[in-house]
Amino acid sequence: MSISRQLRRFRNRLTPRHVINLCFLIVFIFTTILFWWQGNLLRQGYETNQLHQVDYVTAQLQGRMQYRIDNLRFLRNFMTFSLQSAPSQHQQEMIKQEIARIRHQDTWSIDPSDTEGQPVFGVNPQRLTGVSPLFRASDDEQLTREFNALFRLRSLLPLIDVTPFRQPRVYYVSRAGFYFSAPQPKNSDQIEKIYRHMIAQPYFTQLTQSTDPMRIPYWTHIYNDLSDGLIITASLPIDYNNQWMGVISMDFTVEKLRQYLLGSAPSNSGGIYLLFDNRFRSITSTDPSWFRGKYFTPEQQQILKTRIGQKRQGTVRIGTRFITFSKMNNTNVTLIHIQTLPQGIHSEYGRLSLLLTALWLVFAILLLAARRIILRLIDNMEGLQEKLSWRASHDAMTRMLNRAALFQKGKEMAAKERKSQRTLAVIQMDLDHFKRVNDRYGHQIGDQTLIYAAEIIRSSVRTQDLAGRVGGEEFCILLPATNRSQASEIAERIRTNLANSPLKTEDGKSLRITASLGVVGSEESNSYNIEHLQLIADRRLYRAKAGGRNRVCSEGELGELNQPQQ
């Protein structure tokens, strides 16, 4: 089948309803894509805004923590300088006396009454031999320098912040078996316990020269301290003459970090901020009713942990929550912002998204309404067109095909029968003495007679037959796949039904109607010309009338009526 033929067949099948539906579908899809594109721009803007907001909070929080780390760096530099500076003669004598006093004690302390500042606590080196490979016994000269530096350090601590209650706890742990810390041990038994605990913590073990060659701050994950509960520790190594002496550390309690977080987060953020360590264990939150495990299931934690492990900053959706995260520089802390769907809707981008969705819904409803109205108009037009077409091809009174429509359809039928090599028959019918009916009973009864005759014809012929009114009281019937003999039987059935079924008039009278019929078959003249066959049937109709009316005539010489096949 050629392409042009396929196109013609497609055009023939394409109705106005199909065209309208196709046009509206294209408009709907195109407009939906535009709205989706605008919504995607809004989504990108929302995500960018969330990232900027988290960046701001991260910078604020990091600034507060960096200030403390700068203090810690200052203390480390001060102590390193003190180690390199020889103590005065008086200071040396006093320190040596203290060393001589505590040398043979299992645990000891140097109280503030002896020197300025808070106590220093220590353990006899003999009790620590083999406890940790990081423990190192020092000679008197190194101990003197380290004690001198430590005494100077602890006298400096109260001066580094004008608001001491906001300053995190600072302490020093020496490899030589002593430490400076607060709060103080309650008894001598706790001195050794606390020291053993300190030198086993990552903030001490991870600061060897091989583990931390850059000597940068080390941040621990959150852990449970003996005295302060859950904390995070930042520590720096202390070196002297290329030897690692110990660590100076600063503890950040959960409450302290929460104060930093509350001070950094905007009050109108429209969400919850949380802090997690590098093992993705929750630290604290801006939510007053927060507790560990409140926001994420283990499966969700794993998803978020994997995403955070892939990049330093980003976004992820978990259920109806939008999550933004950012890792803080030089720490093991990650800031996470959670915004639920209701919170997102109340934001500026949420309101714009709702407005865009509402506009799309309004447009879709209007589009569907317009489509329905246009389709209804098309239905009305098609209905009107069908009525006009029916009126143009039918007789208004009898509701049968008129002459022009009958012969047009008859030609199509004849061509089809000729192609299939099947016979075709024509019946010509005329009502007997119809003029007398009009003269005696009036034209109203005459019209009822024609209508009644048409009903008899319709009930007597087959569904594939064509019947029409071709004159005043004349009717013509075209019968496909029918020869003269079969057509004669149908004609006789029409005549019998009409003669045996009188018309009942409005005044209760019965009016007997008869008709004369002429029949011809295409096999007689080997012609499929409808007009020619109708002319032969008409002549045989007149033979029936001449023979006494109310009869069927299917015979008679064709004579000069025969024409070549067309």
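Which residues form a nonpolar patch on the surface?

1. In this predicted model, the patch consists of Leu25, Phe28, Ile29, Ile33, Trp36, Trp37 and Leu41. Together these residues present about 720 Å² of accessible area. One of them, leucine 41, belongs to helix H2, which covers residues 16-84. Leucine 41 counts as partly exposed because its relative accessible area is 38%, a value between the limits of 20% and 50%.

2. The UniProt record, an unreviewed entry, assigns the feature "transmembrane region" to residues 20-37 and 349-370. In the model, residues 20-37 are 100% helix and 0% strand, and the end C-alpha atoms of this stretch lie 26 Å apart. Residues 349-370 are likewise 100% helix and 0% strand, with 31 Å between the end C-alpha atoms.

3. Strands E11 (residues 313-318) and E12 (residues 321-327) run antiparallel and are joined by 6 bridges. Within this pairing, glutamine 313 of E11 faces serine 326 in E12. The two strands make a hairpin with 2 residues between them. Glycine 319, in the turn, adopts a positive phi of about 65°.

4. Helix H14 (residues 443-460) has 18 residues, so at 1.5 Å a residue it should span 26 Å. The end C-alpha atoms are 26 Å apart, in agreement with that expectation. Buried residues in H14 include Ile445, Gly446, Thr449, Leu450, Tyr452 and Ala453. Ala454, Ile456, Ile457 and Ser460 are also buried in this helix.

Notes
Residues numbered from 1 in each chain as written. Predicted model: local features only at pLDDT ≥ 70, side-chain atom pairs only at ≥ 80, totals over all residues. Heavy atoms only, no water. Patch = residues over 30% accessible without salt bridge, like charges linked within 9 Å, V, L, I, M, F, W, Y side chains within 5 Å. Areas by Shrake-Rupley, 256 points an atom, 1.4 Å probe, with all protein chains shown as cover. Salt bridge = Lys/Arg side-chain N within 4 Å of Asp/Glu carboxyl O. Helix = DSSP H or I, 4+ residues; strand = E, 2+ residues; numbered from the N terminus. Buried < 20%, exposed > 50% of the residue type's maximum accessible area, 1.4 Å probe, protein only. Pairing = 2+ DSSP bridges. Expected span 1.5 Å × (residues − 1). UniProt positions renumbered as here; feature names shortened; annotations may be inferred.
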